[in-house]
Amino acid sequence: MIIILKDNPEEKQLENLIAWLKSMNLDIHFSQGKNTTILGLIGDTSAVDIDLINALDIVETVKRVQEPYKNVNRKFHPQDTIVDVAGAKIGGGNFQIIAGPCSVESREQVCQIAKDVKKAGAHLYRGGAFKPRTSPYAFQGMRSEGINLLLEAKKESGLPIVTEVMDLSHLPLFEDVDVIQVGARNMQNFELLKELGHLDKPILLKRGLSSTLQELLMSAEYIMAGGNENVILCERGIRTFETATRNTLDLAAVPLLKTMTHLPIVVDPSHATGIAHLVKPMAMAAAAAGADGLMIEVHNDPPHALCDGAQSLTPEAFTDVVEAVNAILPHAYKG
């Protein structure tokens, strides 16, 4: 349920209203927009008397929200959320590119690529320390050593780092990581999401391989319900019958999610296609569709990458993509 207030509500009446609502064990989400002030009621609102609230002088109208997600719902929070990562802002008209290798392989590799992507225009650096792989025999990442190398790359380049957590037990290793990524396979790891909700750190939540948009938003709700409002959604392709690409990039999700949630949305064309030469056109299309950012894999030697070399761009190819995307941004869909 949401309560839309009239302009300049009388302070004492507002305090009384909030106290009364809290007495019914409801959580109150207060959203102050340019023209509208909204009270979002979270909890069991079945006992709330809508007619009584509507009769109050400070209330414009009351509406019931049917969607099961509340905190992430744009109806509760009409203004776009802006997630600030060490000065790199995502959402609310701020566009960022996150780039780096699929996996950390060595100090030289991770530090050099960090400098390359920064020079090209990326403002956040991604790299996998823990790697969820379909095969148990594939390279699983450098784990804690990989995080240490990412922190070295951060120190040398100045770029905040983004890396994936796979298990609750690994969280102490992520204390100095700027953005914790939740991969597609963990999107519905609810115990992990609950714990991330208690952190004061941005979370990049990837859509599951076979998940609906509502399921993605409900996973984000788990994080926000714990108190962490710094959530970034990521469309990374979904599994369909098509086998020509690694996944099927659902670009319609971008403008549709914009109507459903206030959270920023980035697109990962690397994992979505699995093919390096498709990254550029899909990155341009994502920018045109109104995405708030991109996540792109970059490797200094893709043919010899230990993970996902086929979808990784060289630093030179990445520079070309950044220039093409920047040309698209002024004409991007605004909704």
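**A chat about a predicted chain**

Visitor: Which strand does K63 lie in?
Guide: K63 is part of strand β4, which covers residues 59-63.

Visitor: And which residues is K63 in contact with, leaving aside its neighbours within four places in sequence?
Guide: Those contacts are M1, I2 and I4.

Visitor: Let's zoom out. How many helices and strands does the chain have?
Guide: You can look for 10 helices and 14 strands.

Visitor: How is the chain divided into domains?
Guide: Domain 1 runs over 2-63 and domain 2 over 83-331. The C-alpha centres of these two domains lie 37 Å apart.

Visitor: What does the C-alpha trace span along its principal axes?
Guide: About 70 × 45 × 40 Å.

Visitor: How does the radius of gyration of the chain fit with a compact globule?
Guide: The two agree, because a compact globule of 335 residues would have a radius of gyration near 20 Å and the chain has 21 Å.

Visitor: What share of the residues is buried?
Guide: Buried residues are 53% of the 335 in the chain. As for the surface, the chain exposes about 15000 Å², and carbon and sulfur atoms supply 50% of that area.

Visitor: What part of the contacts with a separation of 6 or more comes from residues 24 or more positions apart?
Guide: That part is 68%.

Visitor: Can you show me a case like that? Take M187: which residue is 32 residues apart from M187 along the chain?
Guide: S219, and the C-alpha atoms of M187 and S219 are separated by 6.5 Å. S219 is also one of the residues that M187 contacts, and the others include V182, L193, L205, G208 and L216.

Visitor: Is M187 buried or exposed?
Guide: M187 is buried, because its relative accessible area of 1% is under the 20% cut-off. M187 sits in the loop between β10 (179-182) and α5 (190-196).

Visitor: Now a strand residue. Where does I232 lie?
Guide: I232 is in strand β12, residues 231-235. I232 is buried too, with a relative accessible area of 1%.

Visitor: What does I232 touch, not counting residues up to four places away in sequence?
Guide: I232 touches V83, I90, I203, L204, L205, P264 and V266. L205 also turns up among the contacts of M187.

Visitor: What about H29, is it buried or exposed?
Guide: H29 counts as buried, at 11% relative accessibility. This residue is found in strand β2, residues 27-32. Among the residues H29 touches are I38, L39, N71, F76 and E229.

Visitor: Changing topic: what is the phi of N25?
Guide: N25 has a positive phi of about 60 degrees, although it is not a glycine. Most residues other than glycine have a negative phi. You will find N25 in the loop between α1 (11-22) and β2, where this residue counts as exposed at 69% relative accessibility.

Visitor: And what is the phi of A86?
Guide: Phi of A86 is near 50 degrees, again a positive value in a residue other than glycine. A86 lies in the loop between β5 (83-85) and β6 (88-90), and it counts as exposed at 67% relative accessibility.

Visitor: One more alanine: which residues is A305 in contact with, leaving aside its neighbours within four places in sequence?
Guide: E105 and H299. A305 and E105 are 200 residues apart along the chain, yet their C-alpha atoms are separated by 8.3 Å. A305 lies in the loop between β14 (293-297) and α10 (315-328), and it is buried, because its relative accessible area is 18% and the cut-off is 20%.

How values were computed: Residues numbered from 1 in each chain as written. Predicted model: local features only at pLDDT ≥ 70, side-chain atom pairs only at ≥ 80, totals over all residues. Heavy atoms only, no water. Helix = DSSP H or I, 4+ residues; strand = E, 2+ residues; numbered from the N terminus. Rg over C-alpha atoms; globule rule 2.2 N^0.38 Å. Buried < 20%, exposed > 50% of the residue type's maximum accessible area, 1.4 Å probe, protein only. Contact = heavy atoms within 4.5 Å. Areas by Shrake-Rupley, 256 points an atom, 1.4 Å probe, with all protein chains shown as cover. Domains from an automatic or database assignment.
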